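This briefing is intended for a reader who has the sequence and the coordinates at hand. Please consult both while reading the points below.

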Amino acid sequence: MTPIEILMQEHRTIERVINRLVTVADAALDEGRLERQPALDALEFIRDFADGCHHAKEEGHLFALMAERGFSQEQGPLAVMLFEHEQGRACVRAMTTAVEAAAAGDRAAVEAFAQAAQAYAELLLGHIQKEDGILYPMAERALTPADHQALAARFAAQEAADRATGAPQRCLALAEELASGPVLMTVASGAGSGCHVCCHHGD
């Protein structure tokens, strides 16, 4: 499997967890209380796998190599992807801040969690579409065969280090457990701009 194929496969897992997160958030709005454990599991997956493993591969290896080949990290596609990663982290901070009070039935916290979850989902689903459809094909064209080999070696080294911590194994098990719950496709993917609200919560 090539490095780009690895990233795209990881996207499919991330999408499944995002959809479950939105279902949990929607249920919380209906019931007035957040189901605590699925919310915590989704946040752990997002922090440790989507960000800690997947985004680390992109930022530390793919984007860095693309920058070496002339892509700017201050403007253009890489800058957009990096900015959206930061927006996503702000949404996660907002959800983390609200989760315990929302699980205790605090209505304002429930609404804050749901708002941040919806914003995160809109952002990340659109972000994934842009990477799969635009950025990754650009990388495939721009990088040489030697670059792809070097990228594969960097990915393998990072994955070995990640496995040594147990994080990927734990997070993939969480993803399977979360995906086994009910999923309602309530997010319009492709928006990619819904994180402004949660950025305020994350400040």
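This is a predicted model: local features need pLDDT of at least 70, side-chain atom pairs count only at pLDDT 80 or more; totals for chains, interfaces and linings use all residues.

Residues are numbered from 1 along each chain as its sequence is written, and side-chain values use heavy atoms, with hydrogens and water left out.

**Overall fold**

- The protein contains seven helices and zero strands; helices (H or I, at least four residues) and strands (E, at least two) are DSSP runs, numbered from the N terminus.
- Along the sequence the pattern reads α-α-α-α-α-α-α.
- Of the 203 residues in the protein, 50% are buried; buried means under 20% relative accessible area, exposed over 50%, and partly exposed in between (1.4 Å probe, protein chains only).

- Two packed helices are described by the angle between their axes and the distance between the axes.
- Axes here are lines fitted to C-alpha atoms, for helices over the stretch in contact, and angles run from 0 to 180 degrees between N-to-C directions.
- Angles under 35 degrees count as roughly parallel, over 145 as roughly antiparallel, 65 to 115 as roughly perpendicular and the rest as oblique.
- Helix α1 (residues 3-31) and helix α4 (residues 107-142) have axes that come within 9 Å and cross at roughly 160°, and α1 and α4 are therefore roughly antiparallel to each other.
- The contact of α1 with α4 has 20 nonpolar, three polar and eight charged residues; Ala, Val, Leu, Ile, Met, Phe, Trp, Tyr, Cys and Pro count as nonpolar, Asp, Glu, Lys and Arg as charged, and the others, Gly among them, as polar.
- For α1 and α2, the axes come within 10 Å and cross at roughly 155°, an angle that makes α1 roughly antiparallel to α2.
- Helices α1 and α6 pack with their axes 9 Å apart, at an angle of about 50°, which makes α1 oblique to α6.
- The crossing is left-handed for α1 and α4, for α1 and α2, and for α1 and α6; a crossing is left-handed if the near helix is turned anticlockwise from the far one by less than a right angle, and right-handed if clockwise.

**Nonpolar core**

- In soluble globular proteins, nonpolar side chains tend to be buried together.
- The largest nonpolar core has 41 residues, of which L21, L34, F45, M95, F113 and Y120 touch the most other members; such a core is a set of buried Ala, Val, Leu, Ile, Met, Phe, Trp, Tyr and Cys residues joined through side-chain atoms within 4.5 Å.
- At least two residues of this core come from each of α1, α2 (36-68), α3 (77-103), α4 and α6 (167-179).
- The greatest contribution to this core is that of α4, with 14 residues.

**Buried residues and their distant partners in sequence**

- I6 lies in helix α1 and counts as buried at 16% relative accessibility; I6 and F155 are 149 residues apart in sequence, yet their C-alpha atoms are 9.1 Å apart in space.
- N19 also belongs to helix α1 and is buried, at 13% relative accessibility; between N19 and L178, 159 residues apart in sequence, the C-alpha to C-alpha distance is 9.5 Å.
- I128 is part of helix α4 and is buried, with a relative accessible area of 1%; I128 and M81 are 47 residues apart in sequence and 9.5 Å apart in space, C-alpha to C-alpha.
- D132 is placed in helix α4 and is buried, with a relative accessible area of 17%; the C-alpha atoms of D132 and H11 are separated by 8.7 Å, although these residues are 121 residues apart along the chain.

**Cysteines**

- The structure holds zero disulfides, a disulfide being a pair of cysteine sulfur atoms within 2.5 Å.
- For the sulfur of C53, the closest cysteine sulfur is that of C171, at 6.4 Å, which is too far for a bond.
- Likewise, the cysteine sulfur closest to that of C171 belongs to C53.
- C53 is buried, with a relative accessible area of 3%, and C171 is buried at 0% relative accessibility.
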